[in-house]
Amino acid sequence: MELKRHLESARWFAGKGRPFRITDLSLLPALGADGHHHGDGTNDAVTVRPVICEISYDDTDELEYYQLLLAALPASDVPEDLDPIMVADEEAIVDALALPAGLDRIRAAIVAGGIGDTDTEGWQWHAVEPLPVTESDPIRLFAGEQSNSSVLVGGAIVKFFRRLELGGNPDVEVHAALGRRSPTTATLYASAEAAWYNSHEELCRSDIAVALELLTEASDGWAMAAQAAAEDADFTEQAHDLGVALADVHSRLRRAFPTGTLLAAEIGQGMLQRLADTVAVVPELRPHAPALVELFTALQAEELPSQRVHGDFHLGQTLATPGGWRIIDFEGEPMKARAERLRLDTPWRDVAGMLRSFAYARTAASDEAAGDRWEQACRAAFLDGYWGKPLDGDEAVVLQAYEMDKAIYEVGYEAAHRPDWLHIPLAGVARQVDLPATAEAESAPELIATDTHTTDEAATAEGRSDSGDLVVEELSADPQPAASEHWTPSPITGWDLEGFHTGGDTEVWRRLGARVTTVDGVAGTSFTVWAPNAREVHVKGNFNDWDGSRTPMKLIPGTGVWGVFAPGVASGEVYKFAVHCTDGVWRDKADPMAAFAESAPATGSIVYESTYDWGDDEWLEQRAAARPHAEPMSIYEVHLGSWRPGLTYLELADQLTEYVTWQGYTHVEFMPVAEHPYVPSWGYQVTGYFAPQSRLGTPDEFRHLVDRLHRAGIGVILDWVPGHFPKDEWALGRFDGTALYEHADPRQGEHRDWGTYIFNYGRNEVKSFLVSNALYWVSEFHIDGLRVDAVASMLYLDYSRQPGQWVPNQYGGNENLEAIDFLRYVNSHLYRRVPGVMMIAEESTSWPGVTRPVSEGGLGFGFKWNMGWMNDSLSYLQVPPIYRQYHHNELTFAMVYAFSENFILPISHDEVVHGKGSMLAKVPEDRWRQFATLRAFSAYMWSHPGKQLTFMGNEFGQASEFNEISGLEWWTSNEPDHRGLQLLTKDLNDTYRGLPAMWQLDNEPAGFRWLEADDAGHNVFAYERHSADGQRVACITNFSPEPWRGYRLGLSEPGRWREIINTDDRRYAGTGEHLNHVAHTEETPWHGAAQSAAVDLPPLSCVWLLRED
């Protein structure tokens, strides 16, 4: 409780007035803990630690993080004038910045360059320039009022950020970009980064401090201006020079960061939204609302240049030095989310900020008239310094709008933090709009959010104004409460979406989309959708007779997200978002976050709330303790819609589970089940990333399928497609009329071969969307692993492109750095978040370290499909046996790199489609030889290092290639050849699972030993598989149609080797003429072994021999 009160009393704490909890404390390594006295010799019993305090609120799922610098010391040593934060067991905890010994420890850490390892937990300095600080330099706390805390030491000012935001801090980023030669900003010496694990076991990173040049002969701009105003002294020269300095900074920012344009009308819409939100909590602002509405709605007709700006520019962010003005603190407005502060804005924002600062400074004047004269003179001089020319009419309107928007921000800030100052921004608004600042709130109008960008007929029919997004209606003398069916603003706030905009929200489905919830005791659905460039957004469905104009959504300030709460709308309702796109066209869009969707050809989204009660706790507990690399894994790849066409999820739960259990597979892998209207895409052109395909049932019925498989001891892997998405107009593509999820440049944003868009992996919101989607399937549907589709297409910028059709990365290479970062992010997050989960890459190139941990420079996958093995093996099979001796190396080559990655051997759907023919059809010669070859190949594949995957139908030798409409040819499985292969597959799985030698050391050379690798003339391949405890299995494959009697092999151990698999057994429709039963070694050296055995090898067969004591 003491710590909670300490937070509540701190100016930098943003949660004042909101019920909150401290959900976690992360103690970083102690500072300056070297066992020596420091500075003035204060006692060494003091320990100082940065502590990351995690905060959660009752009204949101978002977490906030605050940095505390805490000192621990004996309670008897606490100075009398210092109140401890807490005392326990004769030890006190105090604010380290208020304690001389605490400041000593901080200085020691600064000089040492930080403590800890930011790859795990700790903090480190990242040096840019030599830091002018020594252990003998005095250190003191800067007394200026700030939202952070700073110390002055040596030639540096070190600012400790209090409220931490995941990712880089704008103040660090801007100073680093502007460089040390900027005459108008301070030199960046170093920054400090911290890493810690939050309460969800997620690794978090944030800048926690910055060390900048200490301008020792500097005067505070605010103090100078306020003194000049109080003395009625001329300040115009200084104001003019401030304008020149700001122009220089803006020029440098334009060169250092990307630029763009913004629609003035959209800027005005955001200003109207801020006005409406502020009026709702500060009624004193209401009398000025009509004039402000008129001002903001006047911003309609032009585009404005945009760039990185200061974002919170005022006199307190300036220092006057002998060399001129220096501008400091580029964090932006402290009440805005980090993502909003990083967005491009127009330079008008900073210009307006300084004009508003002059309005604050004028309050020091002796009287109103003197203050007005002083302010007007400073305004004119500053604008002349910045522009050097008078403003035209349109520019004056834009500036006034920005100035009033800043004043509205100030109204909200002062009301929350400094109520005694509230009169200053209110008076500034009143002066601008010609109203008395003392107008009574009781006579104020009310702002009501409405839609005014519909047709003129609709606007007239509903009695709405077409002059802007907000209209003003007078309050009635006796206002009535809203009816229960009234649609209200979304309960989601800008803070809730901060993680979404930084790329750190990995559970976006809890905030965006359609969420059944209760607001103020009223049940309904919260609709939210990200469409930052839309002119407006409506939600439509049966609940409003599909008339979106009756239910406009509200833009949540600073987020680009539109939201509304709909009382009474329950699970099962069909809906769409009507998006007024940037080109002026209204388009109906499916919800990108929809949990359920209509079946094609319908495209509506469906509100859905799960009520499923899982029964797989035992499976999840086993999975969490699993070691997939050292366990058996035999995967059955399934296209659910065509395994047995017509079955639903519920029917598949019975029939598929029974079949896979009988066959003995350890896992199934579902081709994509996410919603996809184009059936021939097999799920690889996803339109609903969060919705299981509705053709087969509801999301809870899909949960039941997974649950049944788990209770039968079968894992579930899901194909996941983050590499591309289709161009359907009603889906993700050009969602608000702009390239939102995809790259705008077709050289980066389109797959020519597939006719699809490519995700913009460098956009934080897209990263949040995709990482959340991965976690969604794993957490909400208990999926055990994700097989990531088409990884190679993500890794290479020039994938399937000719010169001139792709854009090199910043270093001139073809590596997609943003995609690489995304893949590492999603893999790291899921492995950390969900113990036992598997991430599997379908990666077809020789990219190094696909399954190497991210901490070692790899991509961080758990497994990689061995596409090289697959291609070489199938190439070999298709060669007539008489010529296979010339292709022998195609099968042996895989062992050259077998242990470079953690491999899965795939014979997937891709090998039996698009004219490639079935596995049976690939094999030349007569039917008997075809089936014998497939039997031999299956046993060879099951025995080879690596886990194995085979596509449905391969297990019984389907004769025709895969067709998603007709499904599998189940009737053939009763024919002897097909039945024999099916029974062999079952026996291979059963035998394989019981032999640790076949899987325990799959990824280690110790698990494999060649017996015969060079007998190309006989088409024989022989090797042993070993387990960690010495179990040995000899695996011999004869790909010749000739039997080899008495084939001698040098075995690693003497004794009895029992035949446990012979694919020529009559049970499998073989000849049964060449069974070994038991092979005994003889003391005949062979191929480096002291003993050997003579084994009969049937034609086109594979034999497994188990060493027995």
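Trainee: Does histidine 629 count as buried, partly exposed or exposed?

Mentor: This is a predicted model, in which local features need pLDDT of at least 70 and side-chain atom pairs count only at pLDDT 80 or more, whereas totals for chains, interfaces and linings use all residues. Residues are numbered from 1 along each chain as its sequence is written, and side-chain values use heavy atoms, with hydrogens and water left out. Buried means under 20% relative accessible area, exposed means over 50%, and partly exposed lies in between (1.4 Å probe, protein chains only). Because its relative accessibility is 31%, histidine 629 counts as partly exposed.

Trainee: Where is histidine 629 found, and how far apart in space are histidine 629 and histidine 1077?

Mentor: Helices (H or I, at least four residues) and strands (E, at least two) are DSSP runs, numbered from the N terminus. Histidine 629 is in the loop between α15 and β29 (634-638). Histidine 1077 is 448 residues from histidine 629 in sequence, and the C-alpha to C-alpha distance between the two is 31 Å.

Trainee: What distance separates the centres of domain 2 and domain 4?

Mentor: The domain bounds come from an automatic or database domain assignment. Domain 2 spans 220-434, and domain 4 comprises 616-623 + 632-865. Taken over C-alpha atoms, their centres are separated by 47 Å.

Trainee: Which residues form a negative surface patch?

Mentor: Patches are made of residues with over 30% relative accessible area and no salt bridge, like charges being joined within 9 Å and nonpolar side chains (Val, Leu, Ile, Met, Phe, Trp, Tyr) within 5 Å; the areas come from the Shrake-Rupley method with a 1.4 Å probe, and for residues only the protein chains shown count as cover. Lys and Arg count as positive and Asp and Glu as negative, His and the chain ends not being counted, and a charge is placed at NZ of Lys, CZ of Arg, CG of Asp or CD of Glu. Glutamate 621, in helix α15 (residues 617-624), counts as exposed because its relative accessibility is 61%. The negative patch is formed by Asp613, Asp617, Glu618 and Glu621.

Trainee: Which residues make a nonpolar surface patch of about 250 Å²?

Mentor: Leucine 27 is one of them, and its place is in strand β1 (residues 20-27). Leucine 27 counts as exposed because its relative accessibility is 54%. The patch is made by Ile22, Leu25 and Leu27.

Trainee: How many salt bridges does the structure hold?

Mentor: Side chains of opposite charge can pair when their charged atoms come close. A salt bridge is a side-chain nitrogen of Lys or Arg within 4 Å of a carboxyl oxygen of Asp or Glu. By that criterion, the number of salt bridges in the structure is 60.

Trainee: How many residues apart in helix α5 are arginine 252 and aspartate 248?

Mentor: The side chains of these two residues meet in a salt bridge, with an N to O distance of 3.0 Å. Aspartate 248 counts as partly exposed because its relative accessibility is 23%. Both lie in helix α5 (residues 236-256), separated by about one turn of the helix, that is, 4 residues.

Trainee: How far apart in sequence are the parts that glutamate 507 and arginine 833 tie together?

Mentor: Glutamate 507, which counts as buried because its relative accessibility is 14%, meets arginine 833 in a salt bridge of 2.1 Å, N to O. Glutamate 507 lies in the loop between α14 (498-502) and β21 (513-519) and arginine 833 in helix α22 (residues 817-833), so the parts tied together are apart in sequence by 326 residues.

Trainee: Which residues are linked in a network of salt bridges?

Mentor: Glutamate 507 and arginine 833, whose side chains meet in a salt bridge, are among them. The network links Glu202, Glu507, Arg510, Asp700, Arg703, Glu780 and Arg833.

Trainee: What is the omega of the peptide bond from alanine 600 to proline 601, and what is the phi of glutamate 925?

Mentor: Most residues other than glycine have a negative phi, and most peptide bonds are trans. Proline 601 is in the loop between β27 (586-589) and β28 (605-606), and the bond from alanine 600 is cis, with omega near 10°. Glutamate 925 is in the loop between α25 (919-922) and α26 (927-943). Its phi is positive, near 80°.
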